[in-house]
Amino acid sequence: MSIMLWSCLHFPDLSLQLLMRAASIRMPMIISSGGNRPLVLSCNSIARKAGVNAGMSLSAAIALCPDLQAHARDASAERSAMERIAGWAGQFTPVVSLDGPDSVLLEIAGSLALFSGLHALPVRMSAGLAELGYTAAIATAPTPSAARLLARAGMSVAIDESARLQRVLRNLPLALLDQPEPVIQALDFMGVRTVGACLELPREGLARRFGQGLLDELDRALGHLPDPRQPYRPPAHYHARLVLPAPVEPLLFVAHRLLVELSGHLRMQGSGLTRLELTLHHAKRAATLVQIGCSTPTRDPRRMLRLLRERLAHLELPADVEAIQIDGKESRPLASHDLSLFPEDILPEEERWSIIDHLRARLGAEAVYGITCHADHRPERASRPCEPGTASRQTRQERRPLWLLDPPHRLREQEDRLLLEAPLVLHSGPERIEGGWWDGAGVTRDYFVASDDQGRQLWIYRERRGGRGWFLQGIFG
Amino acid sequence: MSALDQALENPAIWRGSQYAKVMVESIPTGFAELDASLPGRGWPRAALTELLVGQPGIGELRLLAPALADLSRNDRWLVLVAPPYAPHAPAFESLGIDLSRLIVVATRSAAETLWAAERCLRSSACSAVVAWPGPVQERAWRRLQLAAEQGKGLSVVFSPIRCATQPSPAPLRIQLSPARSRLTLHILKRRGGGWAAPLTLDVGPRPAVPGAPQRGRAAALPAPLITGSSRLPSIFQDIG
């Protein structure tokens, strides 16, 4: 069996991070406990600078820092945030596993070649997480338990040989282990504070006194015991909701964080979105729903953000937004461009259609169209708007004006001259065009090519039925 | 070739009647005479071309047609932003333009036109952008020029002829005027400088109307126009 390598992404103060990633400006924030006398559980650096500390009462903290944003912990939001991080991490490896309430494990041995190595990959993951709005300690080791211990210790290291792992693990404090508090305390009382010191003790005595669990945990970390992990399977559709710490947050800033996450999720699935739904939740009103459609599947967060920006710019919100939610509604398989042979020569389909989507999002769907020939003798029906990119059937190659006036402009007749603004001069004609008797919009017209005093070449006709008269219908351009 | 001519071939020597030989990426216009007067021998890529026209319809689009037809062979879009009238598909097709590459963007205001033009110019998905924004303010011009530099396609803006005296950052400015059935081009500005003599081009076959002869001219003479007059009305005198 080839050697495995695990990276652990550990998120310290996760509840606080969830709040901070939805905030575009730095402000003092804390997580408080519930109950009659709420306490500060954790605080960010700005709050700390104002004198707030974990463990003090909420009222004391507010006295020190009046504009403090205090929020309670939301365990289910934390759990779903970790699941979405796991889904996002799926772009780096197919083996992702949730570990405890605040860590994600990735088996990366097979991905190192693609992501240029043991040291480049954590840097890349860390940059990706920063874009999502998270800070994590990322540690890599041959066993998942060791990676977790190192990450919990805040050590961003990458270790791929067991001798070095042994050395580093020995120096870690025992308090990082997943053991009950009394066990750690009892060992501490005995003067055993590091993993190394604990491993010096006779195994039988240790097992008798503190249970097999302690030994097993250490053995798994060192690779003496197998440590299978349950892989995380993301749901087919991405769904994320982010509560805003203050109701004035720029929506796009927050949406971007979620779109990047969604993009990683799609990359893992090898798919792209064709429909996206953004829901803006208000305090006392019905939520505002924004739907975005893409002509070709995409997982480019910039493209999705561009489309959202256009829609949001023209949206009037009935109230402040408390939370935003993004749902990937429809997706289709999308191959990876990373492997294409000549990436710069080929215009990706996605790029080809993103411009159409962007124009339509701003100007309306009907404002952007292609044109196609239609087999009809009546000029006004020989050309029709169509979806961009529609192939046209080859029709007769007659000389026709490039521009058509719709409706045709009636020409004035004065004595024996035709006037637009000045008299027109006829050059050729007539060409008789008849048609449409079958659909009730029949025409019988004689067409002439004329020019005016400004040098324009015009296509005019004389209606021979019904409301006779001369009309200007086309300009040769 | 005389020794003097040889000496003057040196690219470091600039003569008043020449434009400097500058390296410009370009797209052949399809008119040899015009290519010869343009730096880079064609419509510049990644730079704005401003065409000044009094009235739309004098042949200005047929001037662009060979380049547009060429560009429609690749898989990028040709975009018409806010054209003055509805484009007529059969005519575009008969100029050799692949209609499945052509898109039309209709706008409701000058601001929308400028926005759409800028967006399309910037996109690598557009091989040509032709826009009719009307008079453009200096700042908007700069934005368009920057966008054109980014997108690297053919970028043409039609301006009213009264803007000829106003400054524009477009590296190529040509004033178009009708000359009978032909088109006269005055190059107002080009990269490398130098004055160019006005050119008169035949921008394509005159619009002939096939199918007319077999019906006969007399049968279809517009009756109200000739009543009471034995002579052929002046409108039938062909100036061609």
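Rings of Phe, Tyr and Trp (its six-membered ring) are taken to pair if their centres lie within 6.5 Å; planes under 30 degrees apart count as stacked, over 60 as edge-to-face and the rest as tilted. Helices (H or I, at least four residues) and strands (E, at least two) are DSSP runs, numbered from the N terminus.

The model is predicted: local features need pLDDT of at least 70 and side-chain atom pairs count only at pLDDT 80 or more, while totals for chains, interfaces and linings use all residues. Residues are numbered from 1 along each chain as its sequence is written, chains are lettered from A and ligands numbered from 1 in the order in which they are written, and side-chain values use heavy atoms, with hydrogens and water left out.

W403(A) is buried, at 0% relative accessibility. F92(B) is buried too, with a relative accessible area of 1%. Buried means under 20% relative accessible area, exposed over 50%, partly exposed in between (1.4 Å probe, protein chains only). W132(B) and F158(B) form a stacked pair, 5.1 Å centre to centre with 20° between the planes. W132(B) lies in the loop between strand 7 (126–131) and helix 6 (138–151) of chain B, and F158(B) in strand 8 (residues 154–160) of chain B, 26 residues apart. Both W132(B) and F158(B) are buried. Ring pairs link W403(A), F92(B), W132(B) and F158(B) into a cluster.

Two strands pair if DSSP finds at least two bridges between them. Strand 3 (residues 47–53) and strand 8 of chain B pair in the parallel sense over seven bridges. In strand 8 of chain B, V157(B) is the bridge partner of E50(B).

Charges sit over rings as well (NZ of Lys or CZ of Arg within 6 Å of the ring centre and within 35 degrees of the ring normal). The charged end of R352(A) sits over the ring of W77(B), 4.5 Å from its centre. R445(A) lies over the face of Y461(A), at 4.2 Å from the ring centre.
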